[in-house]
Amino acid sequence: MKPKLVSLLKNGVVTLTGQVFSYANKIAAEKAVKKIKGVKAVAEDIEVGYDSQDHKTDTEIANVVIDALAWNIAVPKNNISIKVEDGWVYLSGKVEWWYQREAAKRVAQHLIGVKGIINNISIKQKAEKLYQIKERIVKAFERSAYIDANTITVELVDAHIIKLRGKVNSFAEKIEAQKAAFYAPGIYEIENELEIIS
């Protein structure tokens, strides 16, 4: 069953309801809606439900997540802790790069039985000099086909936190800018203050 788009409100909030048969489908529905011009937020009420033959116990899900993480070269070995409760996967631990944190989440979201993921993995690494971080982020924006680098400013809050300001054309562009900024070494947190223009 596909999720049902219920409403696009005047303030740019889209509400999604319905049921899908995998967490990956739920994420795909959210991503698709975020690409629509004028969408500023998604209120998501999609439920993940499985047929009886696809139902997995928490122990089975935990074992599959462990195996899947071990096979993924982007995820550092022995750095991630896993807890599964009622089909929800809780990830914790420390990694050096944002892409490693996201890779762990992507691995888990495609597994049968997973109803949701809480990603509490933190990023810890040595920071570069502040001006180098800003340069890297601006260059990442310029390389991206999805981001208008001329409309975004990068402010350094401290050695590990940056603030993004400016205007973007869609919710998807706002998320892409945040992703690009996370690739700078030493960035643990981003204050995304980008405004979506309609």
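## A first look at charged residues and strand pairing

Arginine 165 is partly exposed, because its relative accessibility is 34%, a value between the 20% and 50% cut-offs. Salt bridges with shared partners bring Arg165 into one network with Glu155, Lys163, Glu191 and Glu193.

**How confident is the prediction?**

- The protein chain has a mean pLDDT of 82, and 88% of its residues reach 70 or more.
- Among the elements of the chain, the lowest mean pLDDT, 51, belongs to strand S1 (residues 4–8).

**Salt bridges**

- Side chains of opposite charge can pair when their charged atoms come close.
- How many salt bridges does the model hold? The count comes to 10.
- One of them joins the side chains of lysine 26 and glutamate 44, with 3.5 Å from N to O. This pair links distant parts of the chain, with lysine 26 in helix H1 (residues 23–34) and glutamate 44 in strand S3 (residues 41–48), 18 residues apart.
- Glutamate 44, with a relative accessible area of 27%, is partly exposed.
- Another salt bridge is formed by lysine 115 and aspartate 86, whose closest N and O atoms are 3.8 Å apart. Lysine 115 sits in the loop between helix H3 (98–109) and strand S6 (116–123), while aspartate 86 sits in the loop between S4 and strand S5 (88–95), so the pair ties together parts that are 29 residues apart in sequence.
- In this pair, lysine 115 is partly exposed at a relative accessible area of 28%, whereas aspartate 86 is exposed at 52%.
- Arginine 165 returns here: its side chain meets that of glutamate 193 in a salt bridge of 3.0 Å, N to O. Because arginine 165 belongs to strand S8 (residues 161–168) and glutamate 193 to the loop between strand S9 (189–192) and strand S10 (195–196), the pair ties together parts that are 28 residues apart in sequence.
- Glutamate 193 is partly exposed too, with 41% relative accessibility.

- Lysine 174 is buried yet has no salt bridge. Which side chain of opposite charge is nearest to lysine 174? That is glutamate 193, 9.5 Å away.
- Setting aside neighbours within four places in sequence, lysine 174 is in contact with Val168, Asn192, Leu194 and Ile196.
- Glutamate 173 counts as buried because its relative accessibility is 6%. With neighbours within four places in sequence left aside, its contacts are Tyr146, Ile147, Asp148 and Val168.

**Strands that pair with S8**

- Strand S7 (residues 152–156) pairs with S8 in the antiparallel sense, over five bridges. Within this topic, leucine 156 has isoleucine 162 of S8 as its bridge partner.
- S9 pairs with S8 in the parallel sense, over four bridges. Here isoleucine 161 finds its bridge partner in glutamate 189 of S9.
- S10 and S8 also pair in the parallel sense, over two bridges, and lysine 167 stands opposite glutamate 195 in S10.
- What do S8, H5 and S9 make? They make a right-handed β-α-β unit.

**Positive phi angles**

- Most residues other than glycine have a negative phi.
- Asparagine 78 is not a glycine, yet its phi is positive, at about 65°. Asparagine 78 lies in the loop between helix H2 (58–71) and S4, and is exposed because its relative accessible area is 81%.
- Aspartate 86, the salt-bridge partner of lysine 115, also has a positive phi, near 55°. Aspartate 86 is found in the loop between S4 and S5.

Definitions and conventions
Residues are numbered from 1 along each chain as its sequence is written. This is a predicted model: local features need pLDDT of at least 70, side-chain atom pairs count only at pLDDT 80 or more; totals for chains, interfaces and linings use all residues. Side-chain values use heavy atoms; hydrogens and water are left out. pLDDT is the predictor's confidence in each residue, from 0 to 100. Buried means under 20% relative accessible area, exposed over 50%, partly exposed in between (1.4 Å probe, protein chains only). Lys and Arg count as positive and Asp and Glu as negative; His and the chain ends are not counted. A salt bridge is a side-chain nitrogen of Lys or Arg within 4 Å of a carboxyl oxygen of Asp or Glu. Contact means heavy atoms within 4.5 Å. Two strands pair if DSSP finds at least two bridges between them. A crossover is right-handed if, with the strands pointing away from the viewer, the path from the first strand over the helix to the second runs clockwise.
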